[in-house]
Amino acid sequence: YQEQPGHYISNIYNADIINKTNKQQDIQLVADDPAVKIKYIQAPGTLDKESSTKVIFFLMVPQNRIHAAKTDITLNIVEHGKVLNTIKTTFIGPYDED
């Protein structure tokens, strides 16, 4: 993890997104928790039919939302406001039990 300005903690993620449909799709990742921010290094954007893309991004979580060394985060793969799929991941952050 890395400490970021504004009391955020970040983890970097790599993902492969596959469009198995026969139509072009304009994809976004959206965190279930509105306090979690996504900062793209390589955004998904528009996927051609039957294609894939690599996505590289930081998840940025407010430090006051981290209550354990590992926090479950849910991300939605969204096209035009419609959730196409849901991904669950683990976020690693600083946590002192004292």
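Asp16 counts as exposed, at 53% relative accessibility, where exposed means over 50% relative accessible area, buried under 20% and partly exposed in between, computed with a 1.4 Å probe on protein chains only. The model is a predicted one, in which local features need pLDDT of at least 70 and side-chain atom pairs count only at pLDDT 80 or more, while totals for chains, interfaces and linings use all residues. Residues are numbered from 1 along each chain as its sequence is written, and side-chain values use heavy atoms, with hydrogens and water left out.

Asp16 forms a salt bridge with Lys54, and the closest N and O atoms of the pair are 3.0 Å apart; a salt bridge here is a side-chain nitrogen of Lys or Arg within 4 Å of a carboxyl oxygen of Asp or Glu. This pair links distant parts of the chain, since Lys54 lies in strand S6 (residues 51-62) and Asp16 in strand S2, 38 residues apart. Strands are DSSP runs of E with at least two residues, helices are runs of H or I with at least four, and both are numbered from the N terminus. Lys54 is itself exposed, with a relative accessible area of 52%.

The structure holds two salt bridges, and the pair of Asp33 and Arg65 is one of them, with the closest N and O atoms 3.3 Å apart. Asp33 lies in the loop between S3 and strand S4 (37-42), and Arg65 in the loop between S6 and strand S7 (70-79), so the pair ties together parts that are 32 residues apart in sequence. Asp33 is partly exposed at 26% relative accessibility, and Arg65 is likewise partly exposed, with a relative accessible area of 41%.

Strands S2 and S6 also belong to an open sheet of four strands, in the order S1-S2-S6-S4, with antiparallel pairing; two strands pair if DSSP finds at least two bridges between them. Strand S1 (2-4) and S4 stand at the edges with a single partner strand each, so one side of each is left without a neighbour in the sheet. From one strand to the next the twist averages 45°, with axes fitted as lines to C-alpha atoms, for helices over the stretch in contact, and angles running from 0 to 180 degrees between N-to-C directions. S1 and S2 pair in the antiparallel sense over three bridges, and Glu3 stands opposite Ile9 in S2.

Asn22 lies in the loop between strand S2 (8-19) and strand S3 (25-31), and is exposed, with a relative accessible area of 61%. Asn22 and Asp48 are 26 residues apart in sequence and 8.4 Å apart in space, C-alpha to C-alpha.
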